[in-house]
Amino acid sequence: MIDFSKKDIIFLAPLAGYTDLPFRSVVKKFGVDVTVSEMISANALIYNSARTFKMLEKSPMEIPYIVQIAAGSPEVAQKAVEILNDIEGIDGIDLNCGCPAPKVVGQSCGSSLLEDLPQLSRIVETIKKYSNKEYTSVKTRLGFNEKYPDKIALACENAGADYVTFHGRTRAGRYKSEIDYDAIKEAKDAVKIPVIANGDITTLEIANHVKAYTGCDGIMIGRGAIGNPWLFYQIKNGLKSVKKEMIKEIVLEHFDAMVNFYGDKGVTIFRKHLHTYSKSMSNASLFRDKINRIDCQVLMREEIEAFFSQ
Ligand SMILES: Cc1cc2nc3c(=O)[nH]c(=O)nc-3n(C[C@H](O)[C@H](O)[C@H](O)COP(=O)(O)O)c2cc1C
């Protein structure tokens with residue numbers, strides 16, 4: 001289903017609070033090969049949280065669709081997998097081994113697993129054993145404080161992961177330290193399973209450089225796509241820019257998808273996306289001031305239409 005042999009697979013990174021169903025359905029049109037849910041707490045699934053089940057929903061266009069879980073033990077992972085097994089349309093389960101948030105690390109989840117690779121392996125083995133989905137994968141950083149990408153990649157491979165994605169920072173590097181593409185290459189060279197490179201890929205040029213430099217089987221893009229979902233279209237088609245009219249159409253389509261999914265609440269949630277869509281356009285700060293005070297769907301749509309027609 002994911003043809004890694006092409007070596008040009010593009011994933012949309014999971015970004016909690018951003019890559020929800022409406023955003024994923026917009027980017028899917030631009031040539032993204034694989035979409036991933038926002039991080040889903042395995043415990044929340046087990047406790048039957050309605051909000052968490054809503055986060056699992058996907059658009060029919062999302063094939064293949066991967067659900068990412070955060071789990072701190074094989075027992076919790078098994079229960080979450082058994083719940084996901086009953087949900088159709090999910091093509092893989094990804095284990096989050098990268099989240100640096102103290103709350104997540106404090107529950108022995110996310111990047112905390114990088115301090116205990118045997119435990120990470122046990123959880124991956126459990127997902128692989130109990131899941132009825134096509135793929136078992138891991139999204140990780142290069143290490144907790146130090147970098148040991150080869151060891152992490154091998155632990156994932158030996159535990160049965162089908163592919164692994166490396167965000168080229170340690171947990172200590174949070175979201176700011178310089179991305180280490182050499183270390184991602186080290187991971188790629190250590191294993192036979194496909195390795196996906198992630199971190200600071202924001203342009204066609206960087207995408208091409210990362211692919212060639214690391215030799216990875218694909219790339220994953222997160223923040224570079226926020227306010228810029230057509231980046232995938234540019235990368236797939238080797239284009240440096242897109243037409244203004246296309247931008248207006250996409251912003252409106254994204255807005256409509258938000259309202260469809262969240263109802264009236266979608267209007268206020270969409271403000272953060274409008275902030276990035278309008279960045280670097282003239283009169284952007286005036287526009288932001290205005291939309292920060294609008295709650296009404298109709299008024300918001302009119303403002304968007306007027307601003308992006310300029
Ligand atoms: C706001 C935000 C939310 C994120 N949420 C998740 C998440 O739910 N799961 C995950 O594996 N990584 C998450 N990440 C990390 C990204 O998936 C990605 O690894 C990181 O941002 C580096 O890639 P980028 O430079 O392309 O954004 C998040 C990052 C940000 C900034």
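At what angle do helix H6 (residues 117-130) and helix H7 (residues 149-159) pack, and how far apart are their axes? In this predicted model, the angle is about 30° and the axes lie 8 Å apart. Angles under 35 degrees count as roughly parallel, and therefore H6 is roughly parallel to H7. As for handedness, H6 passes H7 in a right-handed crossing.

Sorted by class, the contact of H6 with H7 holds seven nonpolar, two polar and three charged residues.

Let us now step back to the domains. The domain assignment divides the protein chain into domain 1, covering 4-237, and domain 2, covering 244-307. Taken over C-alpha atoms, the centres of domain 1 and domain 2 are separated by 29 Å. Nine residues from domain 1 and eleven residues from domain 2 make up the contact. On the side of domain 1 that touches domain 2, seven residues are nonpolar and two are polar, with no charged residues there.

From here we can turn to another helix pair. Helix H11 spans residues 244-262 and helix H15 spans residues 297-307. The axes of H11 and H15 come within 10 Å and cross at roughly 165°. Why are these two helices described as roughly antiparallel? Angles over 145 degrees count as roughly antiparallel, so that is how H11 and H15 stand to each other. The crossing of H11 and H15 is right-handed. H11 brings Val251, Leu252, Phe255 and Val259 to the meeting, while H15 brings Gln297, Arg301, Ile304 and Glu305. In terms of class, that contact has five nonpolar residues, one polar residue and two charged residues.

Notes. Residues numbered from 1 in each chain as written. Predicted model: local features only at pLDDT ≥ 70, side-chain atom pairs only at ≥ 80, totals over all residues. Axes fitted to C-alpha atoms, helices over the stretch in contact; angles between N-to-C directions. Helix = DSSP H or I, 4+ residues; strand = E, 2+ residues; numbered from the N terminus. Parallel < 35°, antiparallel > 145°, perpendicular 65-115°, else oblique. Left-handed = near helix turned anticlockwise from the far one by under 90°. Contact = placed C-beta atoms within 7 Å. Nonpolar A, V, L, I, M, F, W, Y, C, P; charged D, E, K, R; others polar. Domains from an automatic or database assignment.
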